[in-house]
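Student: I have the sequence and the fold open side by side. Can we go through some of it together?
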Amino acid sequence: MPATEERPFRVLTLDGGGMRGLYSASLLRTLARLFDERFIAQEPDLGKSFDLICGTSTGAILASALAAGISLRRVSDLYCEHGHLIFPRPMPKKTRKVTLTWWICRHRHESAASAEKLRSCLEQTLGSQTLGDVFRARGIALCVTAVDALSHKAWVFKTPHIPERHRDNNYRLVDVCMASTAAPIFFPLYRQRNPDESHSTHHFVDGGLWANNPVMVGLVEALILARRDREIQVISVGTCDQPSGDPYAVQSPNWGILDWRVGVTAIDMSLSAQSFGYDHMARLLATELSRSGRNVTVIRLEEGRKSPEQYSAIGLDRADQAALETLVYLAQKDAEQIHGKTIAGPKSPVAEVFQNLATLSPDR
């Protein structure tokens, strides 16, 4: 039996959330450092600890980098150094109705963020690698969610980890990430020519519309890939979920266009509801599968409580210094809580992963 077969089949899933992806990257980096002092000075090869990595939207960027063996530091730098250029004009809060109205009028015929800048950053980070290239070089399965805008159907980009399914082999990681991050209102539809057929073109929208938390995608794919007698462990990572709602905001139930911030509030609400709902379903399914003889564990990395003021400082398109510092601070505090609970309790999949990380070569 090969060495990779001796341990459980491990899956990492990464939520969407725009600039809040910095939280996910910082959380994983801090956990690596807390579990192993080598990673104070070196970068971990976290991707190699997993058989399958799934990501949506901003999580697709992190998932692609981990699968390709690109450091978490470089992904964090993408957010910190270029976020304000990708999101140069964040959406005002709904309480600032005059400014919000101006923002809406300005962007009524154009997206609010810079797809060109995001694409440039992704090309610098991910290079020209394709899904097929990554799987051949690293042997890590990758799934990235999107929506086909023409058919309104879900689309999952996949490495060729299932031999008879090779539709996406020649899609570049850059294009896969651009498709998955094409968030309505913020970015334009992503127009992508089929790399195997020059006359075929798809238009993609953000995968967060149907799978902002891709844990169910990861669980289903793992059930297909792993032998029936092999344990499955899924670790799910969020993007700093919203705290409990504001009771004053719902005093007047007649929300209009400005109250819904032209749909952005609905998107935020959908992302949070999906993250909670899919996590709950995945853990219930894992429990029932285990009772039926299929050993499956789903773990959602716990997020600590945050104040409304802290949450108000961050957002899908907030890239100012206060937002960046708040995301990193919250990630570090949550990592410390996870680490403390993990080392004080029984052996867990989280400890098994982070205590056995390989190091990346310095040029990655």
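Student: Okay, which residues does Thr342 touch, not counting those up to four places away in sequence?

Tutor: Bear in mind that this is a predicted model. With residues up to four places away left out, Thr342 touches Phe35, Ser348, Val350 and Ala351.

Student: And where does Thr342 sit, and is it buried or exposed?

Tutor: Thr342 has its place in helix H13, and it counts as buried because its relative accessible area is 13%, while the cut-off for buried is under 20%.

Student: What about Ala323, which element is that one in?

Tutor: Ala323 is found in helix H13 too, a helix that covers residues 321–344. Its relative accessibility is 0%, so Ala323 counts as buried. Setting aside residues up to four places away in sequence, Ala323 touches Ala313, Ile314 and Arg318.

Student: How far is Ala323 from Lys158?

Tutor: In sequence the two are 165 residues apart, and in space Ala323 and Lys158 are 33 Å apart, going from C-alpha to C-alpha.

Student: Let's zoom out. How many helices and strands are there in the protein?

Tutor: The protein has 14 helices and ten strands, and its C-alpha atoms fill a box of roughly 65 × 55 × 45 Å along the principal axes.

Student: How does the radius of gyration fit with a compact globule?

Tutor: A compact globule with 364 residues would have a radius of gyration near 21 Å, and the protein has 20 Å, so the value agrees with that expectation. Buried residues make up 52% of the 364 residues. If you take contacts between residues at least 6 apart in sequence, 79% of them join residues at least 24 apart.

Student: Which residues touch the most other members in the largest nonpolar core?

Tutor: That core has 83 residues, and Leu28, Ile53, Phe157 and Phe354 are the ones that touch the most other members. A second, separate core holds 20 residues, including Val11, Ala141, Val156 and Val217.

Student: What is Phe157 in contact with, beyond its neighbours within four places?

Tutor: Leaving those neighbours aside, the contacts of Phe157 include Leu131, Leu142, Val144, Tyr171 and Phe204, and Arg167 and Asp168 are also among them.

Student: Switching topic, how much space lies in the second largest pocket?

Tutor: About 330 Å³ of space lies there. Its lining is made up of 25 residues, of which Gly18, Ser57, Thr181, Ala183 and Asp206 lie nearest the centre of the pocket.

Student: Which helices supply at least two residues of that lining?

Tutor: Those are helix H3 (58–68), helix H4 (72–86), helix H9 (208–211) and helix H11 (264–291). By type, the lining of the second largest pocket divides into 15 nonpolar residues, nine polar and one charged.

Student: You mentioned Ser57, so where is it found?

Tutor: Ser57 is found in the loop between strand E3 (52–56) and H3. Its phi is near 55°, which is a positive value in a residue other than glycine. Ser57 counts as buried because its relative accessible area is 6%.

Student: And Ile185, what is its phi?

Tutor: The phi of Ile185 is near 80°, again a positive value in a residue other than glycine. Ile185 lies in the loop between helix H8 (173–180) and strand E6 (190–193).

Notes: Residues numbered from 1 in each chain as written. Predicted model: local features only at pLDDT ≥ 70, side-chain atom pairs only at ≥ 80, totals over all residues. Heavy atoms only, no water. 1 Å grid on protein atoms, 1.4 Å probe; cavity = no way out; pocket = protein on both sides within 12 Å on 5 of 7 lines; lining within 4 Å. Points joined across faces, edges and corners; volume = space filled by probe spheres on them. Helix = DSSP H or I, 4+ residues; strand = E, 2+ residues; numbered from the N terminus. Nonpolar A, V, L, I, M, F, W, Y, C, P; charged D, E, K, R; others polar. Buried < 20%, exposed > 50% of the residue type's maximum accessible area, 1.4 Å probe, protein only. Contact = heavy atoms within 4.5 Å. Core = buried A, V, L, I, M, F, W, Y, C linked by side-chain atoms within 4.5 Å. Rg over C-alpha atoms; globule rule 2.2 N^0.38 Å.
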